[in-house]
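User: Could you take a close look at one part of this structure, the salt bridges and the residues that form them, and explain each term as you go?

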Amino acid sequence: MTALLTLEGVSKSFGGLNALRDVGFSVAANEIFAIIGPNGAGKTTLFNCIAGAIPPSSGTIRFAGQRIDGRRPHEICSLGLVRTFQIVKPFRGMTVLENVKVAAFSRHPAARAAEIAARRVIERLDMVELAEVDADELNVAQLRRLEIARALATEPKMLLLDEALAGLTATETTVMCDIIRRLPEQGIAVIVVEHSIPVVSSLCSRAVVITFGEVLVEGPTRQVIADPRVQEAYLGKAEA
């Protein structure tokens, strides 16, 4: 496996709280990889360290052969690694096309080129009929898709999805999973933070489980989910 992203010994402390401790794993190009774990395990903190929102206290993060720990988010984005957010915050008072176009400016400084790139992304995500709709008028599923569209407009090599399926119906989840599943075919690796084990099983070839800020187990998704330690972390230890 040729690693696109590699973490080694990543730790993060907030005062006396150790949010992450010695986290390490690798993700290959064109792979869909899951980070799973109970609430409060440190998954979002880990995403924040990878994407540059906060620096790790120690350890190294390498992406596409370059060390990125401590770099600013816009620098990491320019290298081809971008994240979405669980709480979607589009540019209010702007259309779907305008929202995506803003992101496209990161690769295409000329307005016309940015619009062409934005329309291309909108078409890929089957959002053409929403292009001129104000972002304020979108429902939850449409907002989730807009968040991914804005990320894709930066033309990433890797996309970090933070609970991109939260709040969706079963039908909407199926549609979104189909969108995510196609991304490696377009040369985009994906890391998902997701609570739904069935979704993780269907989407991801490998997974890592984080609990109390540490790696509990990593490997092929089905093996990881079947691991007794993972069952205990999610469900608790059965009484004797």
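Analyst: The side chains of Glu132 and Arg119 meet in a salt bridge, with 3.6 Å from N to O; a salt bridge here is a side-chain nitrogen of Lys or Arg within 4 Å of a carboxyl oxygen of Asp or Glu. This pair links distant parts of the chain, since Glu132 sits in the loop between α4 and α5 (140–152) while Arg119 belongs to helix α4, 13 residues apart. Helices (H or I, at least four residues) and strands (E, at least two) are DSSP runs, numbered from the N terminus.

Before going further, a word on the source: this is a predicted model, in which local features need pLDDT of at least 70 and side-chain atom pairs count only at pLDDT 80 or more, while totals for chains, interfaces and linings use all residues. Residues are numbered from 1 along each chain as its sequence is written, and side-chain values use heavy atoms, with hydrogens and water left out.

As for accessibility, Glu132 counts as exposed at 55% relative accessibility, whereas Arg119 counts as partly exposed at 38%; buried means under 20% relative accessible area, exposed over 50%, and partly exposed in between (1.4 Å probe, protein chains only).

Lys101, with a relative accessibility of 19%, counts as buried.

Arg206 is buried, with a relative accessible area of 16%, while Glu218 is partly exposed, with 35%.

Salt bridges that share partners join Lys101, Arg112, Glu115, Arg119 and Glu132 into one network. Over the whole structure, the search finds 13 salt bridges.

Finally, the chain is divided into domain 1 (1–80 + 156–239) and domain 2 (88–155), with bounds that come from an automatic or database domain assignment. Between domain 1 and domain 2, the count is zero salt bridges.
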